[in-house]
Amino acid sequence: MMAFEWPLRVYIEDTDAGGIVFYANYLRYMERARSEWLRSLGFEQQALMQAGVRFVVRDLNIRYRKAAVLDDQIVATTELAEITKAGMTLNQTVIRRSESAEKTEERTEELLVDAQVRVACINNEGRPAAIPADIVALMKT
């Protein structure tokens with residue numbers, strides 16, 4: 001499976017007084033990428049919740065490598081590393097991507113943040129639940 005990509009831009013509200021992205025905002029970027037990944041597979045969060053399927057972060061290992069700054073074009077990625085009956089492990093990154101003004105084929109990327117995110121599937125009562133087979137099948141494609 002290729003990594004799902006969600007493009008973003010750094011806005012003033014994402015930064016501190018020095019124009020550097022506040023560290024917790026990278027978690028928001030990764031959350032958006034996970035939500036949009038599910039949406040790209042055909043699963044809306046509200047519909048999943050109504051069906052009694054909720055995905056919650058169980059644990060997270062994150063490494064901050066470089067800072068994003070105001071107006072950067074960044075991309076948050078999500079890639080399925082492992083799936084179990086009631087959970088999954090996702091590899092996620094936030095990269096800075098820039099393209100040459102002269103040649104759009106020339107693109108540079110810098111890894112800013114990488115994380116391994118373990119997500120659990122729970123039901124509406126907050127108890128562990130099996131990930132439905134149709135979701136598993138699409139996630140593995």
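The legends below describe close-up views of a predicted model.

Residues are numbered from 1 along each chain as its sequence is written, and side-chain values use heavy atoms, with hydrogens and water left out. In this predicted model, local features need pLDDT of at least 70 and side-chain atom pairs count only at pLDDT 80 or more, whereas totals for chains, interfaces and linings use all residues.

View 1. A salt bridge is a side-chain nitrogen of Lys or Arg within 4 Å of a carboxyl oxygen of Asp or Glu. Helices (H or I, at least four residues) and strands (E, at least two) are DSSP runs, numbered from the N terminus. Because Glu-109 lies in strand β5 (residues 107-122) and Arg-97 in strand β4, the pair ties together parts that are 12 residues apart in sequence. Arg-97 is buried, at 13% relative accessibility, whereas Glu-5 is partly exposed at 39% and Glu-109 is partly exposed at 46%. Here buried means under 20% relative accessible area, exposed over 50%, and partly exposed in between (1.4 Å probe, protein chains only).

**View 2. Further salt bridges of the model.** The count of salt bridges comes to 10. One of them joins Glu-44 to Arg-39, with the closest N and O atoms 2.4 Å apart. Both residues are partly exposed, Glu-44 with a relative accessible area of 40% and Arg-39 with 39%. Elsewhere, Lys-66, Asp-72, Arg-96 and Glu-110 belong to one network, joined by salt bridges that share partners.

**View 3. Helix α1 and the residue Gly-42.** Helix α1 (residues 25-40) comprises 16 residues and reaches 22 Å from its first C-alpha to its last. This is close to the 22 Å expected at 1.5 Å a residue, the expected span being 1.5 Å times one less than the number of residues. The buried residues in α1 include Tyr-26, Tyr-29, Met-30, Ala-33 and Trp-37. An α-helix has 3.6 residues a turn, so residues three or four places apart point the same way. Just after α1, Gly-42 takes a positive phi of about 100°.

**View 4. A nonpolar patch on the surface.** Phe-22, Tyr-23, Leu-27, Val-57, Leu-60 and Tyr-64 form this patch, with about 540 Å² of accessible area together. Patches are made of residues with over 30% relative accessible area and no salt bridge; like charges are joined within 9 Å, and nonpolar side chains (Val, Leu, Ile, Met, Phe, Trp, Tyr) within 5 Å. Accessible areas come from the Shrake-Rupley method with a 1.4 Å probe, and for residues only the protein chains shown count as cover. Strand β2 (residues 54-64) gives the most to the patch, with three residues. Tyr-23 lies in the loop between β1 and α1.

**View 5. Loop residues Arg-127 and Asp-71.** Arg-127 lies in the loop between β5 and α3 (133-139) and is exposed, at 55% relative accessibility. Not counting residues up to four places away in sequence, Arg-127 touches Cys-121 and Ile-122, contact meaning heavy atoms within 4.5 Å. Arg-127 and Arg-54 are 73 residues apart in sequence and 9.9 Å apart in space, C-alpha to C-alpha. Asp-71 lies in the loop between β2 and β3 (73-84). The phi of Asp-71 is near 75°, a positive value in a residue other than glycine.
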